[in-house]
Amino acid sequence: MRFLLLLPCLSGLQGCYEIGPTRLDRDQSDYSRALTSSGKQQTLLNVVRLRYADTPGFLDTTQMISGYQLQRNLSVGIGTYSLASRPYGGAGMQVQESPTFTFQPVTGDAYAQSILRPLPPGNLLPLAMGGLPIDVLFRLAVQSINLISNAGSLGGDVGRGSPVFFDLIYDLRLLQLAGLLGIQLERSPTATATDKDGAADRVFLSIASTDDPDLARVVHDTRRLLGMAQDDERVEVVYGGGRPRRGQIRLLTRTVLGVLGQIAYQIDVPEEDITSGRTRPTIRLVGREIRPIVVIHVTKERPEAVFSWTNYNHKFYWIADDDFDSKLAFTMLQILLELSKTSKGPNTIVTIPANG
C-alpha cells in the first residue's frame, strides 16, 4: 500500500520534466557554432582544391531538424507466491535525439550568379562603412583601381601586382582610421523596385581635407594616385577597368572564385608538389605587402588549437588561431561569400521538435 501511494508522486515527477525550454539555449549555441565551423572548413577546402587545380564544390545547409523524444516507463508488480512477498516496481525516462540535415549543392544559375559574378561596388564598399578595414577588403575583392593592378592568380610578374596598389590601399586605411574617408550610396534614378543587389546604387568615395600636416600629405598622395584633382573631395566609383573619366574611379572587382583563387596561389605548398607538377609555384608579392593575405600552413600531422583546418590529399591545411590578420581576412572572405549569395530559396531553417 505504501508503494501504491507513491504512484501519483512518480507520475507527477515525470510530468515536470520538459525538454523544449531546457534545450533551447544549448541547441541554439551548438548549432550556430556547428554551422560556422562547417562553413569555414568548406571554404578552406575549396581554397586548397583550387591550389591544386581541383574542382571546388559548394554545399549549402538549407534545413536542420533535431528531434527529441522523451520515453517514460513505470512498472509495478506484487508477488503472490508468498505472504511475505513485497510490492516491487520501477520508473524510468529516456531521451533520444534524431537530427536530420538537408543540403543543397550550388549549381547552375545559382552558381553563376553567386560564384562567377563580380561583386558590385554598391555591395562591396558599404562594408568599409561598417568598420571593416578597407585595405584588407580591397586586397581580397578588388583586381584593379583605375590602371593600378592588384596581385592576381596568373603568376609571374603580372600575378604579383603593382607595388603602387599596396601603397594606395595603405593610405586609404590611414584615412579610414582618421575619419577622413567616407562612402556614400545614392539610389540611381533609373533603378527599379526589383534592383536589390546593389548594382543600381551609385557609390561615391569622399576624401576630406585636414590641417594635420602628416595626414595632409596622405590626402594629397591618395588623391593623386586616384587621379583626383587636389580640390576634389568626392568622386563616383564605377565598375570596370582602365582609365576613368573625370570625377570617377574605376573599380574592377573580383568574383568569389577569383577571391578564392588569389588566396589559393599564395599558399606556400611543399616543394615536392611543385616539382612533381601537381601545382604551380607560389605567388611572391612585392612592395609593402609581402605577406600573404591569409597564411595557410601545411603539415602531415593534424594541428591543435587552430582557427580552421581541413584535410586534402593526406595533408592538413590550417590557419593558426594566434594569427589575427589571417583570421580577420578569412572572416571577411566568409562575409563576401554570404554577400554573393543570390538564391531566392529560404535561408537555413533549424527546427527542433520535442515530443514528450
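Helices here are DSSP runs of H or I with at least four residues, strands are runs of E with at least two, and both are numbered from the N terminus. You're looking at a predicted model, where local features need pLDDT of at least 70 and side-chain atom pairs count only at pLDDT 80 or more, while totals for chains, interfaces and linings use all residues. Residues are numbered from 1 along each chain as its sequence is written, and side-chain values use heavy atoms, with hydrogens and water left out.

Start by selecting arginine 217 and aspartate 214: their side chains meet in a salt bridge, 2.4 Å from N to O (a side-chain nitrogen of Lys or Arg within 4 Å of a carboxyl oxygen of Asp or Glu). The two sit three residues apart in helix α9, so about one helical turn separates them. Arginine 217 is exposed, at 52% relative accessible area (buried is under 20%, exposed over 50%, partly exposed in between, with a 1.4 Å probe and protein chains only).

Next, pick glutamate 236 and arginine 202, whose closest N and O atoms are 3.0 Å apart in another salt bridge. This pair links distant parts of the chain, 34 residues apart: glutamate 236 is in strand β7 and arginine 202 in strand β6. Glutamate 236 is buried at 15%, whereas arginine 202 is partly exposed at 32%.

Now go to aspartate 323 and arginine 291, a salt bridge with N and O 2.6 Å apart. Each lies in a loop, so the pair ties together parts 32 residues apart in sequence. Finally, select Asp273, Arg278 and Lys315, which salt bridges with shared partners join into one network.
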